[in-house]
Amino acid sequence: MRASRFHLATLKETPVDAEIVSHQLMLRAGMIRRHAAGIYSWLPLGLRILRKVEQIVRQEMDRAGALELLMPSFQPAELWQESGRWDQFGPELLRLKDRHERDACIGPTHEEIVTDIFRREVNSYRQLPVNFYQIQTKFRDEIRPRFGVMRSREFIMKDAYSFDLDRDAMQRSYDIMDQAYINIFDRFGLDYRAVSADSGAIGGSTSQEFHVLADSGEDAIAFSDQSDFAANIETVEALTPTGERAAPSAAMETVDTPGMHTIADLAAGLGVKAQQCLKTLIAEAEDGALVALVLRGDHELNVLKAERLEGVASPLRLAQREQIIKLLGVDIGSIGPIGLEIPTFVDHGAAQLSDFVCGANQDDKHLINANWGRDCAEPATADMRNVVAGDPSPDGKGQLRILRGIEVGHIFQLGQKYSESMQATVLDEQGKTTHPFMGCYGIGVTRVVAAAIEQNHDEHGIIWPSTLAPFQLAICPINYHKSELVKQAADEFYQKCQARGLDVFLDDRALRPGVMFSDMELIGVPHRVVFSERGLSAQQFEYKGRRDASAQELPLDDLAGFLERLFPG
């Protein structure tokens, strides 16, 4: 591709509304342009990268035996009503009516559509197993779209759906997809982890997420330093502390704590450590009443774990300040478990404390040297917190480390959730009607592009893995329009690259060298070759890899060998 025939729309300045690196660089590199919150067009450069992702995904899905189809974005409401998700999915489901006042939605996912296809097309075990997949635009009406295409409302996704006769066969299909995903992410050239996860709104039992590791990741991943254990932090069990709780050492006292409304305020004001304090969160119960959730001051509530507690409303809803004051007679920040007359759950870590600090259930007052069993009854305990680095691994091997990750893939074992609710059946070997077992497998195609940038960039721009780069090689001729010698060398090398089937970019714009080089670094081309009159006169050309600290001069008569070494085969 010649630059003079390509729309390369790079920007010098970083747009002020771009919050994270991938959003900034995608805009600066001219990959995307915003039309509304969470709505983007992909310009030619960005689309080239998107297609590279799609190509790898498609090749590995085909290799795994999945069959590509294309399903509609516009989905009739009755299918979602059959599955029960029309009311369950929430406001992210963009609902609308057509001209005949029939309810419909713009699909955020396609379980209902693919199940409808299956029940119309497949009726015998002899037609199983089958796995349908598509690469399709999805829409989720995010309340707060942000981070560019990382959390947009419209996005491209690869979703696949397997159908099997029984649970064992479903497991085999799941394992095939698991390996296909490993192959896909290996080919992307990204540092990633596959971790156990919660199934969320999709449903089902077993599920696994694929995360690209990056400091900007929204998800925390816990993994053992001595085993293969890895899981999204929201699913990891925090083991109950071992050993006896220390005996009380002092009498409980009530102290004034004006203006101390947070654990940080309390720890600083009383000269204690955060882990010696308790924080009491008030949530709504299923019956509309209130329930207390008590944790150590240095621990964070795990929402999924809390939602599983008996009587706690799901999804979890923390009570409003006005509601708490009205029903409990005390403001947030001064609430504690001692004397609190509502159902109370205490995390295992909090239950292990002695001589702790907690709210006194009087405004601007706290208790010090409080103890379970002496100053109040022994609590009902549960695992309610997120694990932290240094916690023992749930598999009993080593300690946990925590990394940040960007979820780019998720595979599920759905079981019969959709086939039963939507009455999709096949005849088994005995001629009996049975509901097939389903699996669901998604990759956020647009997210992969952003995640790759978050993981691979420097102060100059993007550093693409070679398989995802928009171009494999950039040719930057200095004074291309003024020097016949330079023009001839650049054109001949360009033709040789094309003859080898390389994705090559010839920057034939009339630009200063610094501007050309900056653009190539910004858009992340892995390899750069420079021709200049000075170099050619010395029978040399210049080469610089995108990750190299400096360029090197190489002999011109080795140009063919250089190309062979750089792109063997």
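Is Cys-358 buried or exposed? Cys-358 is buried, with a relative accessible area of 0%; buried means under 20% relative accessible area, exposed over 50%, and partly exposed in between, with a 1.4 Å probe and protein chains only.

## Basis of the report

This is a predicted model, in which local features need pLDDT of at least 70 and side-chain atom pairs count only at pLDDT 80 or more, while totals for chains, interfaces and linings use all residues. Residues are numbered from 1 along each chain as its sequence is written, and side-chain values use heavy atoms, with hydrogens and water left out.

## Cysteines

The structure holds zero disulfides, a disulfide being a pair of cysteine sulfur atoms within 2.5 Å. Cys-277 is in no disulfide, and the nearest cysteine sulfur, that of Cys-358, is 9.4 Å away. Cys-277 is buried, with a relative accessible area of 0%.

Cys-358 is in no disulfide either. For Cys-358 the nearest cysteine sulfur belongs to Cys-376, at 7.7 Å.

## A sheet of three strands

Strands E4, E6 and E5 form an open sheet in that order, with antiparallel pairing. Strands (E, at least two residues) and helices (H or I, at least four residues) are DSSP runs, numbered from the N terminus. Two strands pair if DSSP finds at least two bridges between them. The edge strands are E4 (74–76) and E5, each of which pairs on one side only. Neighbouring strands of this sheet are turned by 35° against each other on average, direction ignored; the axes are lines fitted to C-alpha atoms, for helices over the stretch in contact, and angles run from 0 to 180 degrees between N-to-C directions.

Three bridges join E4 to E6, and Phe-74 stands opposite Ile-106 in E6. On the other pairing, E5 (residues 94–97) and E6 (residues 103–106) are joined over four bridges in the antiparallel sense. Leu-96 has Ala-104 in E6 as its bridge partner. E5 and E6 form a hairpin with five residues between them, and Glu-101 in the turn has a positive phi of about 65°.

## Backbone details

Two cis peptide bonds come next. The bond from Leu-128 to Pro-129 is cis, with omega near 0°, and Pro-129 is in the loop between helix H5 (111–121) and strand E7 (130–139). The bond from Ser-314 to Pro-315 is cis, with omega near 5°. Pro-315 is in the loop between helix H8 (303–307) and helix H9 (321–328).

Asn-369, although not a glycine, has a positive phi of about 60°, and it is found in strand E18 (residues 365–370). Asn-479 is not a glycine, yet its phi is positive, at about 65°. Asn-479 lies in the loop between strand E26 (473–477) and helix H13 (484–499) and counts as partly exposed, at 43% relative accessibility.

## The second largest pocket

The second largest pocket has a volume of about 310 Å³. On a 1 Å grid over the protein atoms alone, a pocket is an open set of points with protein on both sides within 12 Å along at least five of seven lines, and lining residues have an atom within 4 Å of a point. A volume is the space filled by probe spheres set on the points.

This pocket is lined by 17 residues, of which His-261, Thr-280, Leu-281, Ile-332 and Gly-333 lie nearest its centre. Helix H7 (263–270) and strand E14 (278–284) are the elements that give two or more residues to the lining. E14 gives the most, with five residues. The lining divides into 10 nonpolar, six polar and one charged; Ala, Val, Leu, Ile, Met, Phe, Trp, Tyr, Cys and Pro count as nonpolar, Asp, Glu, Lys and Arg as charged, and the others, Gly among them, as polar.

Key. 1 Å grid on protein atoms, 1.4 Å probe; cavity = no way out; pocket = protein on both sides within 12 Å on 5 of 7 lines; lining within 4 Å.
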